Structures are given as C-alpha cells and as structure tokens.
Amino acid sequence: MRPGNDAEAGCGAAMPTGLMASEVIRHMFARRHNPAMPRILLIDDDEHLAAPLTTYFARFGCTLESAVRPSEGLAKLRAGQYDAAILDVMLPEMDGFALCREIRKESDIPIVMLTARGEVMDRVVGLELGADDYVPKPFEPRELVARVQTILRRQRSTPAVANGHGNNGTQLRVFDGLSIDLDRRQVLRQGERVELTGTEFELLALLAAEPGKVFSRDDILNRLRGHEAELYTRAVDIVVSRLRKKLEPLDCIKTLRNAGYALAVARSEPA
C-alpha cells in the first residue's frame, strides 16, 4: 500500500455529561472527542486485514483498533470511546447486519459497512438498519480512509444557517413540534428527544436550512457525501424513510414526485 496525500482528520461530537441511569449504555458507547486522533473500531474476522489497515489509518491521523468477533467488538464499543465503527458483513456469531442492528439499539456512532462484491441488496439492508455508508470489497485502503474521514467531518460540519438562537446563544432551527439544535446535534420532536444517526441528522439539517425548498436525490447525495461517489439514489430514499419513522407522528418531510424532498412545516419562534 502506498501512502496518500495528507488529509484532514475528522472528529466526533463531545461526550454528553450528566446522563440519566437509562442512558448509561449510550454513555458507554460515547465517541472520543479528540480531533487530532479519531479512534476507529474495525470488526472483521480477517486477521490479516487489521495490521496493514492500522498502519495505513495512522498515516492519516487515525487510531484503528480491531476485533475479529462481534461479541468482542460490542465489548470494546461498550468499554471504550470510539468515533466510528467499520463492520464486515460476513462475520462469525452474527453477520454484520445483525451487529449493526445491535449497535443501533444503543448508539448513534457512525458505521461503515464492508459489503462483499458490492451487492446492491447488501447496501440496501445496511442502510435500512442505520449504517452511514458502505464500501464494497475488495477496496483500496485510501477509499476506506476517505469514507471514514467524510463521515467524521460531517459530524462536526452542520450548515451554520439557523433561524434563531436560544437563551445561551445555541443555534436552533425551531418549527411547529420540531426543534433542531445544531451545536449539540440534538433533535426534539414535540419536546421529546429523538436519537438520530449522523446521516439522518445531516439530512434533516440540510432540509431545515431552507424549508420548502425541494432537494433532489442527486443534491442530497452530493451534499451529504461531500465527495464524488457512485450515484445511488436508493440510499437517499432509505435514509428519508428512516428519518420519517423517527419523526412520527410529525409529517414534515414531503415527497415531490420525480423532484425530491422538502421540509414542509411552519417555523416557530425559538424559546
């Protein structure tokens, strides 16, 4: 493997404090707040893959740790603080899809799936379960690094436009029944907190930046990925579907046939 050009390392969100007892598991999954050295966990049963990838990720300012079994990976995620996870689809004990589902029960950590042969169904299932991106095998290490860096940058680069500020100066976008805190990356639906993945949050923030504007699937792919990638419009539909379910009973994301998606909800004055 050859070293690539210097690239900007991403960073995760700050770890929450003052968690309630019911959020202890989420706290155990909290992401490392260390912009200089993001910490990534690779869960793949190919024992010969981890060592070269660890060296390669280090060239771009990332610490890569590994686990060969899902049970080992889950234990590491719960005991440590990671900025992102990379999951192989073909694993012992449980496949990568089941592992993704287990992680999503407890954490919104960014997830990249490694899909054999790049099959479309692997991508669809992974995205439906809450994965943020996918990389088909075999892959170039530089592409995997780039995908992870893009996801980490997305975690801290929410569009800056807001329609108001809270009493503490926090940027807010406030609508009827919906509040989006850009600084804390938190969403309240009718006063109740909604747990979103990084991709889901970025999609909602994008739509909320210009309510009523129709964003095509191509627009959304280009804005969320942040780099040229294979056009895969089905991925957008899947993320929108996930987001809609989490925002129910609000019906605020409208589909315009053959055009795209728009946020259709009235603004409110921030508290």
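This is a predicted model: local features need pLDDT of at least 70, side-chain atom pairs count only at pLDDT 80 or more; totals for chains, interfaces and linings use all residues.
A residue is called buried when its relative accessible area is under 20%, exposed when it is over 50%, and partly exposed in between, judged with a 1.4 Å probe and protein chains only. By that definition Ala208 is buried, because its relative accessible area is 1%. Residues are numbered from 1 along each chain as its sequence is written, and side-chain values use heavy atoms, with hydrogens and water left out.

Taken as a whole, the protein has 271 residues, of which 48% are buried, and its secondary structure comes to nine helices and twelve strands. Here helices (H or I, at least four residues) and strands (E, at least two) are DSSP runs, numbered from the N terminus. The accessible surface, calculated by the Shrake-Rupley method with a 1.4 Å probe, comes to about 12,700 Å², and 51% of it belongs to carbon and sulfur atoms.

Ala208 lies in helix 7, which covers residues 198-209 and whose twelve residues should span 16 Å at 1.5 Å a residue, in agreement with the 16 Å between its end C-alpha atoms. The expected span is 1.5 Å times one less than the number of residues. Twelve of the twelve residues of helix 7 are buried, so this helix is largely enclosed by the rest of the structure; among them are Gly198, Glu200, Phe201 and Glu202. Leaving aside neighbours within four places in sequence, Ala208 is in contact with Arg173, Phe175, Ile180 and Leu263. Ala208 and Ala262 are 54 residues apart in sequence, yet their C-alpha atoms are 8.5 Å apart in space.

Elsewhere, five strands form an open sheet in the order 2-1-3-4-5, with parallel pairing, where two strands count as paired if DSSP finds at least two bridges between them. The edge strands are strand 2 (63-67) and strand 5 (133-137), each of which pairs on one side only. Neighbouring strands of this sheet are turned by 20° against each other on average, direction ignored. Strand 1 (residues 39-43) pairs with strand 2 in the parallel sense over five bridges, and one of the residues involved is Ile40, whose bridge partner in strand 2 is Leu64. Helix 2 (residues 47-59) lies across strand 1, strand 2 and strand 3 (84-88), and runs at about 165° to strand 2; for such angles, axes are lines fitted to C-alpha atoms, for helices over the stretch in contact, and the values run from 0 to 180 degrees between N-to-C directions.

Gly177 is partly exposed, because its relative accessible area is 32%. Not counting residues up to four places away in sequence, Gly177 touches Leu188, Arg189, Gln190 and Leu250, and the C-alpha atoms of Gly177 and Gln190, 13 residues apart along the chain, are separated by 4.5 Å.

Finally, the cysteines can be considered. The structure holds zero disulfides, a disulfide being a pair of cysteine sulfur atoms within 2.5 Å. Cys100 counts as buried at 0% relative accessibility, and Cys252 counts as buried at 4%.

Definitions and conventions:
Contact means heavy atoms within 4.5 Å.
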